[in-house]
Amino acid sequence: MDKQLLAMLVCPLCKGKLAYDREAGELVCRYDGLAYPVNDGIPVMLPDEARAIDVDEKLPPSSGAEG
Ligand SMILES: [Zn+2]
């Protein structure tokens, strides 16, 4: 997953920043609690293709200082 590409990606629903879950190979929106699949390195930014997640369990450690 290209970091520059990742930095450009935002959630199509809330326009929020996404977190990449390398283990699951998914892009996670913590705001909507959705995980977008990444197929062969290509993010599928379709809400219909995303799956609902448990944000509390899924949230990766934050490296930012937001909030
Ligand atoms: Zn979102």
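Tutor: A residue is called buried if 20 or more other C-beta atoms, placed from the backbone, lie within 10 Å of its own, exposed if 12 or fewer do, and partly exposed in between. Alanine 50 is buried, with 22 other C-beta atoms within 10 Å. This is a predicted model, in which local features need pLDDT of at least 70 and side-chain atom pairs count only at pLDDT 80 or more, while totals for chains, interfaces and linings use all residues. Residues are numbered from 1 along each chain as its sequence is written.

Student: Where does alanine 50 lie, and with which residues is alanine 50 in contact, leaving aside its neighbours within four places in sequence?
Tutor: Helices (H or I, at least four residues) and strands (E, at least two) are DSSP runs numbered from the N terminus, and alanine 50 belongs to the loop between β4 and β5 (51-52). Two residues are in contact if their C-beta atoms, placed from the backbone, lie within 7 Å; with neighbours within four places in sequence set aside, alanine 50 is in contact with Leu34, Ala35 and Tyr36. The C-alpha atoms of alanine 50 and tyrosine 36 are separated by 4.4 Å, although these residues are 14 apart along the chain.

Student: Which residues make up the largest nonpolar core?
Tutor: In soluble globular proteins, nonpolar side chains tend to be buried together. A nonpolar core is defined as a set of buried Ala, Val, Leu, Ile, Met, Phe, Trp, Tyr and Cys residues joined through C-beta atoms within 7 Å. Here the largest one has 9 residues in all, namely Cys11, Leu18, Leu27, Val28, Cys29, Leu34, Ala35, Tyr36 and Ala50. Both β2 (26-29) and β3 (34-39) supply at least two residues of this core. As for leucine 18, its contacts, apart from neighbours within four places in sequence, are Leu9, Val10, Cys11, Leu27, Val28 and Cys29.

Student: In what order do the elements of the chain run from the N terminus on?
Tutor: The order is α-β-β-β-β-β-α, with 2 helices and 5 strands in the chain. Of the 67 residues in the chain, buried residues make up 15%.

Student: Is aspartate 40 buried or exposed?
Tutor: Aspartate 40 is exposed, because 5 other C-beta atoms lie within 10 Å. Aspartate 40 is in the loop between β3 and β4 (42-43), and has a positive phi of about 55° although it is not a glycine.
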